[in-house]
Amino acid sequence: MLEKFIISRDDSIYEAWPDVALTKSGRLVCVFAECTHHGNRDYTRIMVADSSDRGRTWSPKRAITEPLRWTEDKQVWWNCPRITTLPDGRQVVVIDRLQGASEARGEQSNWLYFSKDEGQTWCEPVATPVVGIVPDQLIVLKHGTHKNRWLLAAHHRRQADGQDRWEERVWSSDDQGKTWQGPHLVAHDPALKLCEGSIAELPGGELVCFLRENSMAGLDAFKTISRDGGQTWGPLCHFPLPGCHRPVAQVLQSGNVLITFRLCQGGKGWTGWWTQNFMAALTDVNSCLAEERNQTHTRIMPIDFDRNPASDTGYSGFVQFEDGEIYVVNYIVDDAPNGHIRGYSFRECDMRLPSSQIS
């Protein structure tokens, strides 16, 4: 039912935070970061690998960016890359670049790298006005009056009245990135630490953004809805994915919505205790649009478990092939000395059998 594959494993370096895109020819392109360690970014670089056999085997990794190394007067580092295949066939990677030891202070810039040859070569970086960390994929809207609009979201932490203010924000472009409007506030609640938003466009043109809550208390995911192409967003709603970290949401061919995420149950501890479980959840459009938790439903399936005493897993991306196969990428430590990149293959029927298959 669920097959696993190694995308990249280099025991000399820490590999993490992957994403994947499907090209028009059917090639998979996976981007990820390599660094000294999750907790040490004195060396960082963004890498890419590709597969022409649906993720069963992968090319050796190669660099997209130059390496960044901390110096006494320049402490900058690459963080989390995301990749999208654009309607014209190009791939675009957005990468956040941070400065200093704290994610809440210093530089929080975001850069675009474009490829015209399915990830073999990449252009020079293009600056964006997006200020924030852990960006969402660049979303190209497909429906309604805002068709072809680009959206690029990230979360932002800043000091306000002596406290950290956590905000998810989005920028929009109606001319393919030549100019941008925003930021538009997606979500903020002074009682919550909302971050790592994932925006999915529903078949009716509505946008739903799923959010991590970062108090480390094992709270639900939250969601909010936009009906005007990302300009304004509605109230926050609980969504029944307990302990949800780094949700990644997309609409499947069936019209249902798949969300991959790390289950972080909370309690005492951090690495090795909270970062063990990588999950997939299946829901539907009505649940995405519902205004109350008890009006929603999800089916949650384990994808992987990190057995390492210093476990670290659960940042992901996925695509769906024309024949329905779903291919997920994730990072994990498990039986390796460092984080490495894995792929997983399954189908929607592995999470929910059609009634015709039930005797």
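Ala, Val, Leu, Ile, Met, Phe, Trp, Tyr, Cys and Pro are counted here as nonpolar, Asp, Glu, Lys and Arg as charged, and the others, Gly among them, as polar. The model is a predicted one, so local features need pLDDT of at least 70 and side-chain atom pairs pLDDT 80 or more, while totals for chains, interfaces and linings use all residues. Residues are numbered from 1 along each chain as its sequence is written, and side-chain values use heavy atoms, with hydrogens and water left out.

The largest pocket comes in at a volume of about 1100 Å³. T84, T85, K142, Q250 and V251 sit closest to the centre, out of 39 lining residues. By class, the lining splits into 21 nonpolar, eleven polar and seven charged residues. At least two lining residues come from each of β2, β7, β11, β15, β19 and β23 (strands are DSSP E runs of at least two residues).

β11 also belongs to an open antiparallel sheet, ordered β11-β12-β13-β14. Each of β11 and β14 has a single partner strand, so one side of each lacks a neighbour in the sheet. Two bridges join β11 and β12, where pairing requires at least two DSSP bridges; V140 has W150 as its bridge partner in β12.

Elsewhere, F261 lies in β20 and is buried (under 20% relative accessible area), at 1%.

Key: On a 1 Å grid over the protein atoms alone, a cavity is a set of points where a 1.4 Å probe fits but cannot get out, and a pocket is an open set with protein on both sides within 12 Å along at least five of seven lines; lining residues have an atom within 4 Å of a point. Grid points are joined across faces, edges and corners, and a volume is the space filled by probe spheres set on the points. Helices (H or I, at least four residues) and strands (E, at least two) are DSSP runs, numbered from the N terminus. Buried means under 20% relative accessible area, exposed over 50%, partly exposed in between (1.4 Å probe, protein chains only).
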